[in-house]
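The structure is shown below.

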Amino acid sequence: MRHPLDIVAMFAALWLLASMVLDTLTPKELTAIMIGIAIGPAIVITAVFYYLRCPRTDFAVMFAALWLISDIAIALISPKQLPHFLIALGFLPALLIGVVLHWQTFTSPRRGEVNHLSRPDRWVTQ
């Protein structure tokens, strides 16, 4: 069972860790406090969806979208231009989840189709 205090502690630790890691990767003018404020709403929304036991696929897509929104918010509040790898880092979760969903779409059997590898009686030719 997911206890609400456990969820709060877990996402608070992730929020602090993400703020500190992004602080080391961004210019010195952008502080950890500014980053924490920019990513705070995304962390809270993610925690709420985790508490509500959102399905994995929906949770992953929502996380990728919120991560991208947070990256845009950090770029907007930054006094200096961010390095290009940080902009690409914002798109990385969305790209990975898109690739996985695309791959799952084309590898899963469609409605009415039979997966021939799972049916040994189909291997026999008459």
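## Cover of helix α4

The cover over the buried residues of α4 includes α1 and α3 (56–77), where contact means heavy atoms within 4.5 Å and buried means under 20% relative accessible area, with exposed over 50% and partly exposed in between (1.4 Å probe, protein chains only). Those buried residues are Leu-86, Gly-90, Pro-93 and Ile-97. Helices are DSSP runs of H or I with at least four residues, strands are runs of E with at least two, and both are numbered from the N terminus.

## Basis of the model

The model is predicted, so local features need pLDDT of at least 70 and side-chain atom pairs count only at pLDDT 80 or more, while totals for chains, interfaces and linings use all residues. Residues are numbered from 1 along each chain as its sequence is written, and side-chain values use heavy atoms, with hydrogens and water left out.

## Overall fold

The protein has four helices and zero strands, in the order α-α-α-α along the sequence. Of its 126 residues, 24% are buried. Among contacts between residues at least 6 apart in sequence, 60% join residues at least 24 apart.

## Shape of α4

Helix α4 (residues 84–107) has 24 residues and spans 34 Å from its first C-alpha to its last, close to the expected 34 Å at 1.5 Å a residue; the expected span is 1.5 Å times one less than the number of residues. A kink of about 35° lies at Phe-91, shortly before the proline Pro-93. The bend at a residue is the angle between axes fitted to the seven residues ending there and the seven starting there.

Val-100 also belongs to helix α4. Val-100 counts as partly exposed because its relative accessible area is 43%. Its C-alpha atom is separated by 10.0 Å from that of Thr-57, 43 residues apart along the chain.

## Helix α2

Helix α2 has 20 residues and reaches 26 Å from first C-alpha to last, close to the 28 Å expected at 1.5 Å a residue. A kink of about 40° lies at Ile-39 in α2, shortly before the proline Pro-41.

The buried residues of α2 are Ile-35, Gly-36, Ala-38, Ile-39, Gly-40, Ala-42, Ile-43, Thr-46 and Ala-47. They pack against α1 and α3. An α-helix has 3.6 residues a turn, so residues three or four places apart point the same way.

## Packing of α1 and α2

Two packed helices are described by the angle between their axes and the distance between the axes. The axes of α1 (residues 4–25) and α2 (residues 32–51) come within 9 Å and cross at roughly 150°. Axes are lines fitted to C-alpha atoms, for helices over the stretch in contact, and angles run from 0 to 180 degrees between N-to-C directions.

From α1, the contact involves Pro-4, Ile-7, Met-10, Phe-11, Trp-15, Ala-18, Ser-19, Leu-22 and Asp-23. From α2, it involves Ala-32, Ile-35, Gly-36, Ile-39, Gly-40, Ile-43, Thr-46, Ala-47, Tyr-50 and Tyr-51. By class, this contact has 14 nonpolar, four polar and one charged residues; Ala, Val, Leu, Ile, Met, Phe, Trp, Tyr, Cys and Pro count as nonpolar, Asp, Glu, Lys and Arg as charged, and the others, Gly among them, as polar.

## Gly-36

Gly-36 lies in helix α2 and is buried, because its relative accessibility is 4%. Not counting residues up to four places away in sequence, Gly-36 touches Trp-15 and Ser-19. Gly-36 and Ser-19 are 17 residues apart in sequence, and their C-alpha atoms are 5.3 Å apart in space.

## Loop residues

Glu-29 is placed in the loop between α1 and α2 and counts as partly exposed, at 39% relative accessibility. Leaving aside neighbours within four places in sequence, Glu-29 is in contact with Met-34, Pro-79 and Lys-80. Glu-29 and Ser-78 are 49 residues apart in sequence and 7.5 Å apart in space, C-alpha to C-alpha.

Ser-78 is in the loop between α3 and α4 and is buried, with a relative accessible area of 12%. The C-alpha atoms of Ser-78 and Ile-35 are separated by 9.0 Å, at 43 residues apart along the chain. In the loop between α2 and α3 is Arg-53, which has a positive phi of about 55° although it is not a glycine. Most residues other than glycine have a negative phi.
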